[in-house]
Amino acid sequence: MIENAQILLVIDNEESAKYLMEHLIIGGGYSVTVEATAAAALETFKQNSFSMVMTKLVPGDPEIPKLVRGLMEIDVDTVIVGYSEKVSPELYQEASKFAFYDVIVKPINIDRMFFVIKRCMDLHGLLVSQRRHLAILKEQNNSLQKQNILLAKRIEESTKNLARLYEDLRSTYLRTVRALAQAIDARDHYTHSHSENVAKYSVLVAQEMKLSVKEIEGLREAAELHDIGKIGISDSILTKPGSLTPEEWVQIKTHPQTGSQILEPLTFLSDVIELVKEHHEHFDGSGYPAGLKGEEILLGARIIHLADAYDSMISARSYRRVPFTKEAAIAEIKDKTGTQFDPEVVNAFLRIADAV
Ligand SMILES: [Fe+2]
Ligand SMILES: [Fe+2]
């Protein structure tokens, strides 16, 4: 006998029931339970596990829809076979209407009956195992989805934390180097607030030239740090009252390069570093350290250069106690347009000159 090969027989004719039972139990080795009505069959079906149901099928019998609906509610994979005393066209229509797997008709061909029952059992086994696999897959899917959600949340939190840490680190570094730049300005009381002023003029010119918010922010940072390389130059040179010797000039000219080297480890300042390096280049190529020309020099560096020169001219210096008047400084800038200064930067500066 096939394991768990239990058949529920729903039939109200005692003689037919006896005949079928004999063959199914003795000939087929199946375990058979007989019920006479749909209600009793459903009750038994609920309590036990069956591989298939064989029911008497008479077209138009109201018991059939009741039985089929009830069986499907209990187990959607139930395989049903009809049994009929006589054949008629309506019989197969009815069997098809209620999705019966097959119909056994009197006179019964025993071999065919066992063949049909065997196929029903196989089909039921297949449906049950498929449903079990589907349930396992569903469960695994749910668990994976839950893990995915958890993972996504963790990644989001970590990313937020990293972004916050990066921003904290960046602003701490900036505050430190800014403080360093201010300390350098303060070494010589004549240059006090120089970097701050250069940043202010640079931003005004950049806004006039319609640079992007990001570019202007980078320019402001570069202007605040542009002379940071002066940390390596001695006070005696920086605050010397008279003119500098050629050797002293060589030392002064190292500060853009030194500044960029100081900032180099701060990778988030990469744009700023180049501006610091180029802030003493002249438009005609006569500046330092690289002797870059025209648009070889970054626009931001050309702007800082002009702002730097303007602030130096209108401020007192150890080597020049009386500063230029604003008008004299502007005249000097106009005079050096195209040689020291970029004409476009000068034009923008002249347009905002009243505001500075
Ligand atoms: Fe400088
Ligand atoms: Fe400067």
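Of the contacts in the protein chain between residues with a separation of 6 or more, 64% join residues 24 or more positions apart, a contact here being two residues whose C-beta atoms, placed from the backbone, lie within 7 Å. Before I go on, please keep in mind that this is a predicted model, in which local features need pLDDT of at least 70 and side-chain atom pairs count only at pLDDT 80 or more, while totals for chains, interfaces and linings use all residues. Residues are numbered from 1 along each chain as its sequence is written, and chains are lettered from A and ligands numbered from 1 in the order in which they are written.

Let me turn to the overall form. The protein chain is divided into domain 1, residues 6–131, and domain 2, residues 188–355, with bounds that come from an automatic or database domain assignment. The centres of the two domains, taken over C-alpha atoms, are 98 Å apart, and the C-alpha trace spans about 135 × 35 × 30 Å along its principal axes. The radius of gyration of the protein chain is 48 Å, whereas a compact globule of 356 residues would have one near 21 Å; the radius is taken over C-alpha atoms, and the globule rule is 2.2 Å times the number of residues to the power 0.38.

As for secondary structure, the protein chain has 14 helices and five strands, these being DSSP runs numbered from the N terminus, with helices as H or I of at least four residues and strands as E of at least two.

How much of the protein chain counts as buried? The share is 29% of the 356 residues, where buried requires 20 or more other C-beta atoms within 10 Å of a residue's own, exposed means 12 or fewer, and partly exposed lies in between, with C-beta atoms placed from the backbone.

Now to the backbone details, beginning with the cis peptide bonds. One runs from Lys106 to Pro107, with omega near -5°, and Pro107 sits in the loop between β5 (102–105) and α5 (110–187). Another runs from Tyr288 to Pro289, with omega near 10°, and Pro289 belongs to the loop between α11 (270–277) and α12 (299–314).

Finally, positive phi values outside glycine. Ala99, in the loop between α4 (89–97) and β5, has phi near 55°, and Ala99 counts as exposed because it has 11 C-beta neighbours inside 10 Å. Lys210, in the loop between α6 (194–208) and α7 (213–225), has phi near 60°, and Lys210 is likewise exposed, with 9 other C-beta atoms within 10 Å.
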